[in-house]
Structures are given as C-alpha cells and as structure tokens.
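Here is a quick tour of the model you have open. Keep the 3D view handy and follow along as we go.

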Amino acid sequence: MAFIEIKNLHVSVDGKEILKGINLAMNGGEVHAIMGPNGTGKSTLSYVLAGRDGYEVTQGTVLFDGKSLLEMEADERARAGVFLAFQYPMEIPGVATSTFLKAALNAKRREQGLAEIDAIEFLNLIKSKTKDLEIPYEMIKRPLNVGFSGGEKKRAEVLQMSLLDPRFAVLDETDSGLDIDALKVVSSGVNALRSPDRTFLIITHYQRLLSYIVPDYVHVLVGGRIVESGDKSLAELLEAEGYARFEENEAA
Amino acid sequence: MLASKRTKRLKAVKTMTAGKLDGKMAFDDTYANAVGALPGANESWVDRLRQTSRAILGAHGIPGPKTEAWKYTSLNAVANTPFIPATKVDDVDLSSLPLVAPFLENAIKVVFINGVFRRDLSDEFDGLGVGVAITPFADVLNTSPNSLKDVLGVFMEPGESFTAAMNTGFMEQGAVIHLSSDVQLEQPIQLISIGASGSVPCAFHPRFEIVLEAGALATVVESHFGLPGQPYLSNPASEILLGERAILNHYITASDDSDAFHLGRTAVSVEKNAKYDSFILSLGGGLVRREIKVRLEGDSAAATVDGAYGLSGNQHSDILSEILHLAPETVSNQMVKGVLAGDTRGVFQGRIYVARDAQRTNGRQLHKALLLNRGPEVDCKPELEIYADDVQCAHGATTGEMDPGHIFYLMSRGIDETAARALLVEGFLDDVVLSISDEPARKLVLKMVKTWLAKQEILTIGET
C-alpha cells in the first residue's frame, strides 16, 4: 500500500462539486506535482487534505500511512505529520511568531510523549533554521505574518515546515508572489527537506517552481479530475502548450 | 508655576452631565450622615466642593437610561444595594490578598483597603528625592488644603458626571503625587485600591491628585481589585494636571471581584508639549464603568488613551471617553479592544471634540470587539465633534467573531482548537497591550490578560 492513497475523492463546496473523483497514490520520499489552470480544484484538494471546514467529502477515501485521514481533525492530522504550506498565510496580529512556533512545536512533542522544549534549545533551533532560510531573526519576534512581504510569508511557511518535520507536506502555490531570488531561497529550503521519509505534493499553476523543486511525478488536474500523469517532462510540455488541450477534452 | 484656574473659568466646553434625574436618590441622608466629618471639612472651599457635589447627587439622583451617558449601563443594582461607608468595615480578612494582587515589580506601592490608606502595607515613600512628594490625601486636606486649591475639583468638576459627583461628595482618603519642575521619577508608583466588604456591602471613594510640573516625568499605575465577599462599590477618581513638557504614563487595571461595582473616573489637563500616555485594563467586576476626560489645553499636547477589556459570565463593562482638543497641533490616539464571552455586555462611548482654534489637530479612535459566542452584546458610540477646519480625525469600530480561517491556520500546525482560540484571543488583546510604553507595566498587563484567559471556560463556551 502506498504511503498516501487518495481514492475516488469527490468534494463539494456549498453544494457545488469541485473535485470529481481524484485518484492518487504517493510513496514515501516521492515528490508529486499537481498542475492545472485556475479554478480547477487545486486549492480545494490542499484544504481537504489539511482538514479545513467547509469542504464536504461526498465520496472517496484518503489513507495516510494506512489510517483514514478524513476522519481526523486538522490539528490531529498536523500532529500525525501532515503539513500544508498555505498559498496565502494568515496574518495574526498580537501573536508573536516565536510564541506560535513554540506552541506548534510543543503540541507535536506532547503527542510524541516528549517534554516541552527548553527555552534555550528552542532559540538555538530557531536561530539555525532562520539562518538557513535567510530569514532575519528579528522577524520571529514580530506578530505572525503581519506586515511580512510575500516572500517573507513563504519563507516563514518553509520555516514552520522545517520545524515541524512533517511526513507529508502539501505546498499550495508556494511560488505565487515570489520574485526569482525568493523563489530560489524557498526552493532550496524545500529541497533541503527532501528525504526518503517525507512525501511532497506540490500544487502549482506554473512550471517555474518545478525547475527548482524537480518532481518525480507530474499530474494534470482539470475540471476536478486528474486527466494525465507523467514525469517532469509533462510539466515542460504544459509550459510550452498550456492547458487548452485538456480543457477542450473536458468541455467535450 | 501652574496657572491658577480656580478663579479663571476653564475654556467652555460642553460636557456630558448627569442630566435628567430618574427619581432615585443617590446615597441618601443615612449614608451622608454615617460618613461623618471628612478631612478638610474645616476648610471652606473643600467643604463647599463636597456640599456642591452632594447637592448635585441629591438633585439628580442616580442616573437612569434617559440620561444619554448612562443609556447602556444600568445602575439599578447599585441603587438597590444598601452600602455602608467603608471606614465602618472592621472585619476584613486579608489572607487571600497575595493570591489576587497584581503587584508591579519595582514599584513604590501605596495601598488602600476599602479606601483607607494602609501605611503598614505600603512601601516607604518619604524621601524619594528632591521634588518628589507622595502624601496621603487626608493629610493634605487636614494640614495644607490650599496646596490643592488650583487642582482639586478644577479639572474634574462635580457637575460633569455622576461618578465625579459621588467621588467628590464623599472623598476622604487617597494620595497626592506632586513632582516639581524637570524632576524625572524613574521608579513607578503603584496605587493599589483593594475592596473587601466583609459581611456588609460597603462603598469607598478614593481620590488621587497627580500634578506634574513643567518637564517632570512619572509612571503611575492604579490597580483596583478586591476580595470575594459581599458586593462593594469602588468609586475612585484621579485628577491630573500635566504642566508644559511633562510626561505621565498612567495605567489603570481594574480586576475587581465578580460581585463588585466599580465606577471610576479620570480627568486630565495636558498643557503645551506635555504628554499623557494611558491604558485602561478592565477584566473584573460585575459592573465596571471607567470614565476618562482628557483636555489637551496647550499647543502640541498629546494623549494616548488605549484600553482593553475582557468579560465573562454576566459582567458589564462601560468605557466612556472624552478627548478634547482645545489647542492647535494637539494629538490623540485611542485604541480599545474588548473580548466578550458568556452573557456579557460591553459599552464603548468615545467622543472626540476639536475646538475652533485647535487647527492641525490629529485624532484617531478605534474600538474593536471580539465576541466568543452568541450571548454578548456590544454597544459602541463614537462621536466626532469638530469645529476647526484643518484637522485629521478618524474613528472606526468593528465587532466580530473569531475568524475561522485563523483558527484553521493554527490547527493546521497541530495546535488544538482550545489552545488556538486562547492564542487568538490573547493575541487580539495583546495587539493593543503591547503598545504600553513602560515595560514593567506592559508585562504586568500581559500577565493579567494571560491569567484571565487561563480560565478555560471563557474559551470553550465559544464552541457551542
């Protein structure tokens, strides 16, 4: 059995069916990319996997390491090793980034039966990780994502991912709003986290990100279904030809 | 030298007055007689000030809903409680005091229990240095009342509010803080007013007079709280005069016992280039009414009048703010944030007044309320009254529930829902608390907010 198995997943939002039978199997250590035009259900898929309210699963299952993911609350999924890097990370006034990071890390440690992290150990951990991601250390004293630039927000997402050490990471349009330098930093941060114990699902509209984070598999999501799968060359083909071919098929 | 203002009329400004009477007598003769002779009674102007105040109380009674300033806050429970003067209380048990006291580290503590100054519980405050004087209010009234003649009852006129009239009519003890020109007091002063009714409901009316001469600087924290027991009525008033270039950091914490009534008022006069930096934290009490009136009297005078409140159970909190821009280039900033749970009611009434010659004034006011469930009610009444033509004034108010997107974001990182809510509520309040400029005071307020939040029922109620 694959590490993550999505079977015949149908999802509706406000009574409208968005995902119409997704099938996808991902093994440990693999990097899968989902590409598709806007409004085709890419973000819906990421939110359903992370457990956001408001998405009604009408059919299908998602197995995560053999367990039914859809029956778990969002926080349980996170502690079990699911991570969603948001397309638009939330700005939370008044909550210091460091306070938030510590709360998240300790939630996971409690789940693992570990004591809360020592204050000095935590600071050292954050210092080394912010340095790797070229995040100014001062940033973690600021309220979470408040006043962060687009690039800073995405780096902060990767920082969180690195800290929480997930087994399954979903990256939702991580390249949006990034200039080329920020894209390189974020990508190298993600690449550093690639490991046989970690599976990535990278959701993106453009091929650009996949030049930096090279996927093992590429899937095309159109009209709520995966219409084609292939290797990284499929991404290059899509970049050259666009999605028109698939959308015509979908319409027909 | 401070200008003599007792004889000179203050610039005429329409104030919120007690207005029409609603029939009930405030503090009838029984209470007035029981109070007895008060300090300074032999000094005619002090006596007259008290008599005037009591006459106002007698004529207008306890204000009811027909009085605009009391439209959202009912004093029926106060009117129906037979209070005795707190000086008659002799069965106070202080054993639980250390558990509830929000002490400010490093502060000069001046302690009052039921309005009575307690030298035994206070820090030594004689000999703080040249030009710094902290004196018990009753001592000043008995020995040198005329030193207060240009301040007492000048900036807080009895007729301007019921709260002011009640305090002034029965004021007995308190503190007078005076800093001479250019004296900068590093160490904060904490005025601690503790209510403890014992077996009978009691009322007390502490009076704080704070005068900073030109260029002086001080931090004063007022902490009002109480011990469980019979309901008490805490009715404190602070009258403040800041000379030119003076800076006062003035932070009030009100975390009274859940059965208590707190009716407090601050009146401030800010002269040229002086700065009044304030914060009100209201977390406790069955009924809390905090009033503040700031008069920006001199050019470039500035005030920050921030606040935060948290309500649970059946609490009622009412913040009434008046900021008067009376001179050119004056600046005021106000952000008040409230968190409401249970079956509570929060009221914010904020008025900004800009006089005709107060050109190039800058006034900002924002009130934000966060409702944790469907029970609470928020009433917000902002008022801008502008007679100058070259001003920047803005006000805003929002009331809303917690953003489900924010909760999801935190949960998606493994934080459970209750903890996520706690972080968000704390963050909502800390957003304004963090603007407190004095670090020890900021830490104290942050800690009080955290302690309040630790009462888990406040957060879990929201899930229903």
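Predicted model: local features only at pLDDT ≥ 70, side-chain atom pairs only at ≥ 80, totals over all residues.

**The six-stranded sheet of chain A**

Start with an open sheet of six strands in chain A, whose order is β6-β9-β10-β3-β11-β12 and whose pairing is mixed. At its edges you'll find β6 (82–85) and β12 (225–230) of chain A, each pairing on one side only. Leaving direction aside, neighbouring strands here are turned by 20° against each other on average.

To get your bearings inside the sheet, look at β3 (residues 31–35) and β11 (residues 217–222) of chain A, which run parallel and share four bridges.

Helix α1 (residues 42–50) of chain A touches β3, β6, β9 (168–172), β10 (199–204) and β11 of chain A. Helix α5 (residues 150–164) of chain A touches β6 and β9 of chain A.

**The four-stranded sheet of chain A**

Chain A also has an open sheet of four strands, ordered β2-β1-β4-β5, and here the pairing is antiparallel. Why is one side of β2 (16–26) and of β5 (67–68) of chain A left without a neighbour in the sheet? Both stand at the edges with a single partner strand each, so one side of each has no neighbour there.

Strand β1 (residues 4–13) of chain A is joined to β2(A) by eight bridges in the antiparallel sense. Within β2(A), the residue opposite A:I4 is A:M26. Now α1(A) turns up again: it packs on this sheet as well, touching β1, β2 and β4 (56–64) of chain A.

| α1(A) | β9(A) | about 150° |

**Where the chains meet**

Chain A puts 20 residues into the contact, and chain B puts in 20 residues. On the chain A side, α2 (74–80), β7 (92–96), α3 (97–111) and α5 each supply at least two residues. The most comes from α3(A), with five residues. By type, the side of chain A that touches chain B has 13 nonpolar, two polar and five charged residues.

**Strands and helices of chain B**

Over in chain B, strand β14 (residues 275–282) is mostly covered, with seven of its eight residues buried. It pairs in the parallel sense with β12 (residues 247–255) of chain B over eight bridges, and B:I252 has B:I280 of β14(B) as its bridge partner. Strand β16 (residues 302–311) of chain B also runs parallel to β14(B), again over eight bridges. There, B:L281 stands opposite B:A308 in β16(B).

Finally, find helices α8 (residues 417–433) and α9 (residues 439–453) of chain B, which pack at about 155° with their axes 10 Å apart. That angle is over 145 degrees, so α8(B) counts as roughly antiparallel to α9(B). The crossing of α8(B) past α9(B) is right-handed. Among the contact residues are B:V425 and B:L429 of α8(B), along with B:V445 and B:V449 of α9(B). Which kinds of residues make up the contact of α8(B) with α9(B)? Eight are nonpolar, four are charged and none is polar.

Note on methods: Residues numbered from 1 in each chain as written. Chains lettered and ligands numbered in written order. Pairing = 2+ DSSP bridges. Axes fitted to C-alpha atoms, helices over the stretch in contact; angles between N-to-C directions. Contact = placed C-beta atoms within 7 Å. Parallel < 35°, antiparallel > 145°, perpendicular 65-115°, else oblique. Left-handed = near helix turned anticlockwise from the far one by under 90°. Nonpolar A, V, L, I, M, F, W, Y, C, P; charged D, E, K, R; others polar. Buried ≥ 20, exposed ≤ 12 C-beta atoms within 10 Å, placed from the backbone.
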